[in-house]
Amino acid sequence: MSWEFPPWYQLTPMEVLGPRRERIANLCAMQDLDGMLLTDAYDVFYASGTSQQGLVLIPAKGEPLVLMRRHAERAAAESPWPVTLIKGLTEAADFLLAVLPRRARLGLTLDVMPAVDYLGWQKRLPERELIDATGLWLDLKAVKDAWELERMAEAGRLAASIYAALPGIIRPGMSEAELAGEMQRLAMAGGSIDQLRSRHAYHQTYSWHIASGPEGNLPSAMDAPFNGWGLSPAFPLGASHRRFRPGEPINVDFGVSLNGYQTDQTRTYVLGPAPAEVRAAHACLEEIEAALVAGLAPGAVSGELYETSLEIAARHGLSDGYLGRPGHKIRFAAHGVGQELGTPPYVLEGSRAVVRAGETYALELKILTPQGPVGLESTVAVRDSGPALNLTPEPSVLTEIPVETT
């Protein structure tokens with residue numbers, strides 16, 4: 001059949017995939033690997049431009065090998081690389097053995113490969129050494145190319161339009177889950193999928209981390225400053241049936257995934273005038289955000305930026321609530337974002353990692369107050385010089401929504 005994709009079905013051009021192949025091949029050469037074998041859908045998409053069911057081998061020397069089972073014909077239309085149809089993994093192994101030398105060292109991303117699959121590849125690829133290259137792979141993907149940054153900027157603009165609509169949507173008596181549904185409706189209408197990928201997450205990440213009032217401060221399974229009630233013990237995280245009340249902070253942490261790339265952002269709303277403690281907490285977060293945006297430049301040290309955020313919180317007298325309650329604090333002030341959340345790079349306690357141009361960070365700035373959680377989060381990209389570029393252009397302000405009185 002002939003594949004004629006609609007204009008909104010955005011393909012990745014060879015001008016983007018070619019340089020990626022070179023980066024991966026250079027990584028293999030530097031690490032004495034004969035190639036990288038990619039089996040995870042997101043990694044396959046990164047290297048080939050398609051996430052149809054199959055795998056990709058990027059060798060240290062030579063052209064990529066794109067092996068697809070379902071649907072190979074569609075994969076061939078989506079990817080500019082040649083695509084080979086396979087019936088199963090045994091046949092895939094035959095193709096790999098034909099191009100890999102004996103005693104080859106093959107990099108795998110074992111953080112997302114089930115153990116049963118790894119054991120299967122050990123049997124299918126005898127005399128080849130299978131190496132866990134997860135750290136190397138995530139470090140490579142942490143630096144975004146211009147194509148990725150533009151996809152993230154598109155996602156950020158969509159997110160900003162959704163947040164701009166919230167003052168007309170949030171109302172007294174509305175539940176967190178109802179607000180989440182309204183935001184999902186707007187996001188999907190704009191092209192976002194309701195799936196945020198997070199590698200090796202205990203609970204797979206979701207778009208609607210909305211928490212309000214004192215119960216919003218509750219900790220739970222996810223490594224976050226607060227988690228709220230959630231909807232049940234089966235998923236004790238994020239938006240719940242709790243209803244909004246005037247004078248309480250409404251922390252709206254909502255992710256957008258557009259064309260395979262995500263932004264992560266949080267803004268805080270209050271129905272009516274905000275209590276003084278909420279205003280003070282938000283002012284502190286605004287100062288921390290400004291300091292991190294200015295500090296995220298090539299050569300900056302991750303752990304030093306983290307300490308800067310702690311010093312600002314201490315100067316405001318808000319250390320106890322910053323990044324969670326005592327005993328449940330997170331150890332990072334920013335996490336990586338792009339194809340996935342919760343991957344390098346981090347602004348992390350004690351880290352000596354050096355910031356690089358092209359890295360993208362979600363600034364995870366949260367404070368607990370007696371009235372509830374206060375959050376401010378923007379996705380930023382590190383530039384060659386100067387302050388980081390904000391990819392989520394919604395203003396970093398506390399929004400007070402007028403409430404009609406009778």
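Me: Axes are lines fitted to C-alpha atoms, for helices over the stretch in contact, and angles run from 0 to 180 degrees between N-to-C directions. At what angle do the axes of helix H9 and helix H10 cross?
Reply: The model is a predicted one, in which local features need pLDDT of at least 70 and side-chain atom pairs count only at pLDDT 80 or more, while totals for chains, interfaces and linings use all residues. Residues are numbered from 1 along each chain as its sequence is written, and side-chain values use heavy atoms, with hydrogens and water left out. Helices (H or I, at least four residues) and strands (E, at least two) are DSSP runs, numbered from the N terminus. The axes of H9 (residues 276–295) and H10 (residues 302–315) come within 10 Å, and they cross at roughly 155°.

Me: Are H9 and H10 roughly parallel or roughly antiparallel to each other?
Reply: Angles under 35 degrees count as roughly parallel, over 145 as roughly antiparallel, 65 to 115 as roughly perpendicular and the rest as oblique. With a crossing of roughly 155°, H9 and H10 are therefore roughly antiparallel.

Me: What is the handedness of the crossing in which H9 passes H10?
Reply: A crossing is left-handed if the near helix is turned anticlockwise from the far one by less than a right angle, and right-handed if clockwise. By this convention, the crossing of H9 and H10 is right-handed.

Me: Which residues make the contact of H9 with H10, and how many of them are charged?
Reply: From H9 come Cys284, Glu287, Ile288, Ala291, Leu292 and Gly295, and from H10 come Leu305, Thr308, Ser309, Ile312, Ala313 and Arg315, where contact means heavy atoms within 4.5 Å. Ala, Val, Leu, Ile, Met, Phe, Trp, Tyr, Cys and Pro count as nonpolar, Asp, Glu, Lys and Arg as charged, and the others, Gly among them, as polar. On that basis the contact has seven nonpolar and three polar residues, while the number of charged residues is two.

Me: Is Ala142 buried or exposed?
Reply: Ala142 is found in helix H6 (residues 134–142), and beyond residues up to four places away in sequence it touches Pro344, Pro345, Arg356, Gly358, Glu359 and Thr360. Buried means under 20% relative accessible area, exposed over 50%, and partly exposed in between (1.4 Å probe, protein chains only). Because its relative accessible area is 1%, Ala142 is buried.

Me: What is the relative accessibility of Thr392?
Reply: Thr392 is found in the loop between strand E16 (389–390) and strand E17 (399–401). Not counting residues up to four places away in sequence, Thr392 touches Gly156, Thr263, Gln265, Arg267, Ser378 and Thr379. Thr392 counts as buried, with a relative accessibility of 2%.

Me: Which residue does a cis peptide bond join to Pro344?
Reply: The omega of this cis bond is about 10°.

Me: What is the relative accessible area of Leu323?
Reply: Phi of Leu323 is near 65°, a positive value in a residue other than glycine, and the residue is placed in the loop between H10 and E10. Leu323 is buried, and its relative accessible area is 1%.
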